[in-house]
Amino acid sequence: MHEVDLLARRKSSKKRLGPVTALRRRNGAPTDVGKLDFLPAGYYEEILAQDVLEHLPRMSTRKILVHWNRLLAPGGLLRLRLPDALSILQLLAAPANQSVARQEELIQFLFGTQGYTGDFHFTSFTAFLLRHYLQETGYDVMAINAPDDCNLEATARKMRSVHPH
């Protein structure tokens, strides 16, 4: 199994079944996950992008998903984790979360910690929008769920190739 791991820092200890192309850094600089032309097309069975899409400009979401589609073999899986804007906004309104500390913590899920260069979010998602973007860019959405109060996880299968416009 050939995988691309686009995660900058991995929290999971899931064992890998085969070779993983980890794109954490290339030549000491962050890898641009929208410019992976140096990787073979149609080669990977899985792309893992946890905590990635929200760090990219909102208007590039479709372009990035199409780019990743190019890397996946037919039937390959795209696994995503990203902030759930709707859930975060509902939490901000909940009576139990009406303290400054809790409000600041929740706002961080929307905008990143901004504690270091690059740790900010350009966008967020809802399950509805994520499903739309995935379907529009050639994926069959197998599952979208909420692993916690602030995030979405999605698994989608490449159903067709989509070429950039």
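1. Helices (H or I, at least four residues) and strands (E, at least two) are DSSP runs, numbered from the N terminus.

2. Keep in mind that this is a predicted model, where local features need pLDDT of at least 70, side-chain atom pairs count only at pLDDT 80 or more, and totals for chains, interfaces and linings use all residues. Residues are numbered from 1 along each chain as its sequence is written, and side-chain values use heavy atoms, leaving out hydrogens and water.

3. Take a look at helix 2, residues 85–93: A85, S87, I88, L91 and L92 are its buried residues. Why do they sit on the same side of helix 2? Because they cover an arc of only 165 degrees around the axis, taken from the directions from the helix axis to the C-beta atoms. Q90 and A93, on the other side of helix 2, are exposed.

4. What covers those buried residues of helix 2? The cover includes strand 6 (72–83) and helix 3 (100–111), with contact meaning heavy atoms within 4.5 Å.

5. Now the rings. The structure holds 3 aromatic pairs: rings of Phe, Tyr and Trp (its six-membered ring) with centres within 6.5 Å, called stacked if the planes are under 30 degrees apart, edge-to-face if over 60 and tilted for the rest. One of them is Y43 with Y44, edge-to-face at 4.9 Å centre to centre and 85 degrees between the planes. Y43 is partly exposed at 35% relative accessibility, while Y44 is buried at 3%.

6. F125 and Y133 also pair edge-to-face, because their planes are at 85 degrees, with the ring centres 6.4 Å apart. Both F125 and Y133 are buried.

Methods. Buried < 20%, exposed > 50% of the residue type's maximum accessible area, 1.4 Å probe, protein only.
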